[in-house]
Amino acid sequence: MKMTKVVPFAMSALLIGGAVVAPTASANEGEAVVTNATDNNEQNPQVQSIFIKITGTIENVEKRKDSTYYTVKEDENTNVFVVNDDTLVYDNTGKEVKLQKGDKVTAFTYANKPMLMIYPPQYNPEVIIVETKEIGTVEVDFFNKELVNTDNTLKLNVGKETELLSLSGKKVKAEDLAEQHLLVFYTIATMSIPAQTPPSKVVVLDTIAQEPGETDPSKAAVQEIINNDFYEVEGTKMVPLRLIAEELGFKVESTGKGAIISKGALSYTITRGQKEYGYNKALRYFKVAPALLEPTKTYVPVEFVEELMK
């Protein structure tokens, strides 16, 4: 394999942004519930939850280097929640809280996110809710253009009193909620189908498209990484995976032979020395296989960065 370290000399116009595309619902594991289906009528389409829901009581807390591991039990079931600074933790009324031993919790994680094949199962939840005695209901789901969730059980009527937030801190408007994965807090709902509610708080879990003329600081930072840290292998520019993925807001988990990177409904499984890589439950291919070109740093073709930024 021919490999050349190249001295950077010019900015590239390679990277362009793209709109967030809502993924389709995927098959579930664990306690995800299949709704809108009947056992006896195969003609009715099945609506499968996008999020797995895991409940239990925290029985053990173990702090490690970059994350805290919470062992959660419910009856005979044991699960481990791996929590870091990116994990959203609220109580059922919408207040940000800290997890503690003895808390009764409900975790939500994307159903199509890769899992380590170990026991007890380990999850990296997007959201953890601490159940309290206060009145408050939580919904985590994909909401369509009419702000109705995937199983047609809840419609949002967003008003002036609804607090709107995003993970990036970007200001959110009511129209930004359409076709997004949302964390919703509410207290009352109508007895209709779907039930309708004026939510007290909504958190957008996806990236919100920029307004015309806005610049994305993360893209500028990624371009700077590319300009200063790359190799050429067989005519392909190779760039550092972890540095760029984390700059773009992805979680990066080492597998020993590569990495699993994920954000929202997207997940990629990359193995050094292999041109094929996993995209959710499909396979895609690199022109040049990822490689450990410097100690502890996996490099991938620069074209992959364009995919991450779509």
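**Labels and their grounds**

Modeller: Leaving aside neighbours within four places in sequence, Arg272 is in contact with Gly256, Lys257, Gly258, Pro290, Ala291, Leu292 and Thr298. Bear in mind that this is a predicted model.

Biologist: Where does Arg272 lie, and what makes it partly exposed?

Modeller: Arg272 sits in the loop between strand E21 (266–271) and strand E22 (276–279). Its relative accessible area is 27%. Buried means under 20% and exposed over 50%, so Arg272, at 27%, is called partly exposed.

Biologist: How do you know that the side chain of Arg272 reaches the backbone oxygen of Gly256?

Modeller: The distance is 2.9 Å. A polar contact requires N or O atoms within 3.5 Å, so the 2.9 Å between the Arg272 side chain and the backbone oxygen of Gly256 qualifies.

Biologist: How far apart are Arg272 and Leu292, in sequence and in space?

Modeller: Arg272 and Leu292 are 20 residues apart in sequence, and 7.1 Å apart in space from C-alpha to C-alpha. Leu292 is also among the contacts of Arg272.

Biologist: Why is Glu126 called buried?

Modeller: Its relative accessible area is 11%. The limit for buried is under 20%, therefore Glu126 counts as buried. Glu126 lies in the loop between E9 and strand E10 (127–130).

Biologist: Which atoms does the side chain of Glu126 reach?

Modeller: A polar contact of 3.4 Å joins the side chains of Glu126 and Thr109. The Glu126 side chain also reaches the backbone nitrogen of Tyr110, at 3.3 Å. The cut-off is 3.5 Å, so both distances pass. Beyond four places in sequence, the contacts of Glu126 include Thr87, Leu88, Phe108, Lys113 and Lys251.

Biologist: Lys251 also came up for the second largest pocket. What is known about that pocket?

Modeller: Its volume is about 640 Å³. The pocket is lined by 28 residues, and Ser67, Asn84, Asn124, Lys251 and Val252 lie nearest its centre. Two or more lining residues come from each of strand E8 (104–110), strand E9 (122–123), helix H2 (241–247), strand E19 (251–254) and strand E20 (258–263). E19 gives the most, with three residues.

Biologist: How many nonpolar, polar and charged residues are in the lining of that pocket?

Modeller: The lining has 11 nonpolar, seven polar and 10 charged residues.

Biologist: Which members of the largest nonpolar core touch the most other members?

Modeller: That core has 23 residues, and Val239, Ile244, Ile261, Phe304 and Leu308 touch the most other members. Helix H1 (217–228), H2, E20, E21 and helix H3 (303–308) each supply at least two residues of it. A second, separate core of 16 residues includes Ile50, Phe51, Leu88 and Leu183.

Biologist: What does Val239 touch beyond four places in sequence?

Modeller: Its partners are Ile226, Asp229, Phe230, Ile244, Thr298, Tyr299, Val300, Pro301, Val302 and Val305.

Biologist: Are Leu147 and Asn152 buried or partly exposed?

Modeller: Leu147 has 11% relative accessibility, which is under 20%, so it counts as buried. Asn152, at 35%, falls between 20% and 50% and therefore counts as partly exposed.

Biologist: Where are the cis peptide bonds that you list?

Modeller: One joins Tyr119 and Pro120, with omega about -5°. Another joins Ile193 and Pro194, also with omega about -5°. Pro120 is in the loop between E8 and E9, while Pro194 lies in the loop between strand E14 (180–186) and strand E15 (195–197).

Key. Residues are numbered from 1 along each chain as its sequence is written. This is a predicted model: local features need pLDDT of at least 70, side-chain atom pairs count only at pLDDT 80 or more; totals for chains, interfaces and linings use all residues. Side-chain values use heavy atoms; hydrogens and water are left out. On a 1 Å grid over the protein atoms alone, a cavity is a set of points where a 1.4 Å probe fits but cannot get out, and a pocket is an open set with protein on both sides within 12 Å along at least five of seven lines; lining residues have an atom within 4 Å of a point. Grid points are joined across faces, edges and corners, and a volume is the space filled by probe spheres set on the points. Helices (H or I, at least four residues) and strands (E, at least two) are DSSP runs, numbered from the N terminus. Ala, Val, Leu, Ile, Met, Phe, Trp, Tyr, Cys and Pro count as nonpolar, Asp, Glu, Lys and Arg as charged, and the others, Gly among them, as polar. Buried means under 20% relative accessible area, exposed over 50%, partly exposed in between (1.4 Å probe, protein chains only). Contact means heavy atoms within 4.5 Å. A polar contact is a pair of N or O atoms within 3.5 Å; within protein, one must be able to donate a hydrogen and the other to accept it, and residues adjacent in sequence count only if both atoms are side-chain atoms. A nonpolar core is a set of buried Ala, Val, Leu, Ile, Met, Phe, Trp, Tyr and Cys residues joined through side-chain atoms within 4.5 Å.
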